[in-house]
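Subject: Structure handover

Hello,

Here is the structure you asked for. Please have it open while you read the notes below.

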Amino acid sequence: MTGQSRSQVAELADGMIATLRNGWQVIRTRGPNQVQFWLIALAVGIVAGSAAVLFRNGIAALQTLLYRTDDVAHLHSWAGTLPWYWVLCIPIAGGLVVGLILHVFTPDGRVRSVADVIQGAALHEGRVEERAGLASAAASLITLGTGGSSGREGPVVHLAAVISSRVLTWLKADGVTGRDLLGCAVAAAVSASFNAPIAGALFALEVVLRHFAIHAFAPIVIASVAGTVISRLQFGDVTEFSLPAASFLQFYQELPAFLMLGAICGVVAGMLMRTIFAAEDLANHVQARTGIPRWLRPALTGAMLGAMAILFPHIIGVGYETTSAALTGQLGLTQAILFAVIKTIAVAITIGGRMGGGVFSPSLMVGALTGLAFGIIATSVFPDVSGSTALYALAGMGGVAAAVLGAPISTTLIVFELTGDWATGLAVMVTVSISTSIGTRLVDRSFFLTQLERRDVHLAAGPQAYLLALFRVADVMRPMGGERSPSEEACWELIEAGDYVDAQSTLEAALPAFDRTGAVFLPVVQITRADEPPKLLGAIYHVDALRAYNRALAATAAEEHS
């Protein structure tokens, strides 16, 4: 190559680098256009899918190391052959490590989950805590690898949200772009975890974003497909569960049985969720009364789980071996009922004891066991008009999971894609619809939204309830001394009467104060010390608060219907 040719190549390379830099600067300052965003969604989908695969492989590697088995698909069968002290000690050690991780890297010692992702989408422009999120992913991996009785999908969803949050920070994206990219990451993670691209996309829309806006659909599907491809490159194009060939609906006369199963699944889902919340409340009470350090709480939880696993090793991990046994009819009636009860208790102990993991896989297992138990009874009472018990187990699996997640559409599709059985659609759809209608009325619409409600984050009622929390009073008030601000004398009269709002509060507190007092405006004060008078900063007018609220409602409606 001549010197002139080298010079031309160097100039071309310099030009390409400059173009890329300029393009990146434009994306960061003006936001990505549609084509650019699709490419970003593809990249995020690949990264989130890879993270899901690595998380799953990490759990398997840790289980292989600690439980000394090469076949983690049959972990609980192998664990039943180990010495009792080994089964007891592994969860204790895992809980101790989890407690230390959460104590050091989170402000409250709590594992982040799908509920935090939903909150990030609604209130924080699609962003979640990154430091606490990474610590939660590590805690969940150790929990599941050391015998915790929970699911791997919830941690993967939050890990994907951490990835999208980091990208959003680089892009300096606004709320709409942030939520859309969060949906892309979640879809890719769910798709990679379940090998279920359709369900992954719908899960992101139905559960996390909680709308089906057209503008979000294409990039979310792109990311979901990317996550599925990553999963299939690693694990192959295989379903998680295999059903017996005879799992089909025999007669339409059998459909009323699935209506009954749906009602039972709704009640079981409600009991599962309420048991988890009761366990958490009890653990909080015991910790407060005894003064147990928060870093020790997961270790004590591990001790309880290890003691249970000595007698019931099927509670270890996500429980897919037991779920598969239920779907193939390998368990009896007594076993199905007993295992469902024990699994519910184990999940409640794990999550209430602040170890890591999610609730989706446990709800699949409890649902499959519930459906199997119902199917054994139904097919024995009406053998002439009944299909196989496996069909009832499949429908029950979808019924309980859909009610727990509050997501009938995506859960139905996940069940189909997990099993590859699309011929049983009527039975599953009937069961899921009834169970969701009942289960979501026993809590605040879903397990995740109830978790948020218990933290005083009111998302279950919709945007008209939670949008008020987005506006600080200090951002809406009129400062003192302005043209349209009230006189200080009028403000102090209201303050002396006890009618004022704190500058750090939100419209969620201010609007009820207007309704209570009937005032046109309320003074905004800063309270420094209890023994000092408040500092007058300004006044918030009722009309200004309503105007800000209406703008937020209009923007939300525009996003959800665009």
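Asn 195 sits in the loop between helix H8 (175-194) and helix H9 (197-209). Please keep in mind that this is a predicted model. The phi of Asn 195 is positive, about 55°, although the residue is not a glycine. As a rule, most residues other than glycine have a negative phi. Asn 195 counts as buried because its relative accessibility is 10%, and the cut-off for buried is under 20%.

Arg 68 also has a positive phi, near 60°, and is a residue other than glycine. Arg 68 is in the loop between helix H2 (34-67) and helix H3 (75-79). With a relative accessible area of 53%, Arg 68 is exposed, since exposed means over 50%.

Is Arg 152 buried or exposed? Arg 152 is buried, as its relative accessible area is 7%. Leaving aside residues up to four places away in sequence, Arg 152 touches Phe 55, Arg 56, Ile 59, Leu 144, Ser 193, Glu 240, Val 318, Tyr 320 and Ser 361.

Next, the surface. Leu 333, Ile 337, Val 341, Ile 345, Ile 377, Val 381 and Phe 382 make a nonpolar surface patch of about 600 Å². Helix H14 (333-352) and helix H15 (360-381) are the elements that give two or more residues to this patch. H14 supplies the largest share, four residues. Ile 377, one of the patch residues, is in helix H15 and counts as partly exposed because its relative accessibility is 43%.

Then a helix pair. The axes of helix H16 (residues 389-405) and helix H17 (residues 408-419) come within 9 Å and cross at roughly 145°. The crossing is right-handed. On the H16 side the residues that meet H17 are Leu 394, Met 397, Gly 398, Ala 401, Ala 402 and Leu 405. On the H17 side they are Pro 408, Thr 411, Val 415 and Thr 419.

Last, Phe 471 is in the loop between helix H20 (463-466) and helix H21 (473-476). Phe 471 counts as partly exposed, because its relative accessibility is 23%. Beyond residues up to four places away in sequence, Phe 471 touches Val 476, Ser 505, Thr 506, Leu 507, Ala 548 and Ala 552. Phe 471 and Phe 374 are 97 residues apart in sequence, and their C-alpha atoms are 50 Å apart in space.

Regards

Notes:
Residues numbered from 1 in each chain as written. Predicted model: local features only at pLDDT ≥ 70, side-chain atom pairs only at ≥ 80, totals over all residues. Heavy atoms only, no water. Buried < 20%, exposed > 50% of the residue type's maximum accessible area, 1.4 Å probe, protein only. Contact = heavy atoms within 4.5 Å. Patch = residues over 30% accessible without salt bridge, like charges linked within 9 Å, V, L, I, M, F, W, Y side chains within 5 Å. Areas by Shrake-Rupley, 256 points an atom, 1.4 Å probe, with all protein chains shown as cover. Salt bridge = Lys/Arg side-chain N within 4 Å of Asp/Glu carboxyl O. Axes fitted to C-alpha atoms, helices over the stretch in contact; angles between N-to-C directions. Left-handed = near helix turned anticlockwise from the far one by under 90°.
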